Amino acid sequence: MKRQIINLMVGVTFLVLLISCAKKQADMPIDTVSVSPGTQVTMKGKSLSLIGNAIEVGKQLPDTSLVDAKTMNSVNLNDYKNAVLFLSIVPSIDTKVCEAQTHYLGEQGDKLPATIKRITISRDTPFAQVRFADEAKLNDIQYLSDYKEGSFGRSIGLLMDGPMLLARAVILVDKQGIVQYIQVVPEITHLPDMEKAFKKAAELDNLP
């Protein structure tokens, strides 16, 4: 009987946390439109220019090096072939909007085919990314860091001038390594349209 009560309490606690997390995400504004890489975004209404060479749909990602948070190995996204890449790009995982975006990718993204690689990219240190993954229990997605020089952000036109953080965005890359979808969130305190990106990623995964 005691064990049943404990199990019930654990279940109720988990449900409360789940509902709380979902409510937290639902309360955040979601942008359904996009600005172009290399242009401008806003942060609470303040304009921030995006530095670098603007990536475009139909182009391959530039060859740049990111750091895998768990292994500390150098990663070039162009080395990932025959898999759809879902790139969730955030300014910093230690902010509530970035946390919500990463939870959405890790939790709601479970409905995507397992063949789609879900990746969070930020300029946080690899150590901060690992800490976040462990605390949030979101270890089924990959974390890549652009902490050294922001070379990845510059190479695709998503490095914000001023804070020198990455703009909030979702990029989908097909099995041939070609960018097929970009949403750069106009106001970085808003969430991207993750559901639209999930649908597009699933469509790309069904293609040869």
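I began with Tyr80: the charged end of Lys117 sits over the ring of this residue, 4.7 Å from the ring centre. A charge counts as over a ring if NZ of Lys or CZ of Arg is within 6 Å of the ring centre and within 35 degrees of the ring normal.

I noted that the model is predicted, so that local features need pLDDT of at least 70 and side-chain atom pairs pLDDT 80 or more, while totals for chains, interfaces and linings use all residues. Residues are numbered from 1 along each chain as its sequence is written, and side-chain values use heavy atoms, without hydrogens and water.

I next looked up aromatic pairs and found 3 in the structure. Rings of Phe, Tyr and Trp (its six-membered ring) pair if their centres lie within 6.5 Å; planes under 30 degrees apart are stacked, over 60 edge-to-face, and the rest tilted.

I recorded Tyr104 and Phe198 as a tilted pair, 5.8 Å centre to centre with 40 degrees between the planes. Tyr104 belongs to helix α2 (residues 96–107) and Phe198 to helix α5 (residues 194–205), so the pair ties together parts 94 residues apart in sequence. Helices (H or I, at least four residues) and strands (E, at least two) are DSSP runs, numbered from the N terminus. Both Tyr104 and Phe198 are buried, that is, under 20% relative accessible area with a 1.4 Å probe and protein chains only.

I then turned to Phe132 and Tyr143, whose ring centres are 6.4 Å apart and whose planes stand at 70 degrees, so this pair is edge-to-face. Phe132 lies in helix α3 (residues 126–136) and Tyr143 in strand β7 (residues 142–145), 11 residues apart. Phe132 is buried at 6% relative accessibility, and Tyr143 is buried at 2%.

Finally, I noted that ring pairs link Phe86, Tyr104 and Phe198 into a cluster.

Notes
Buried means under 20% relative accessible area, exposed over 50%, partly exposed in between (1.4 Å probe, protein chains only).
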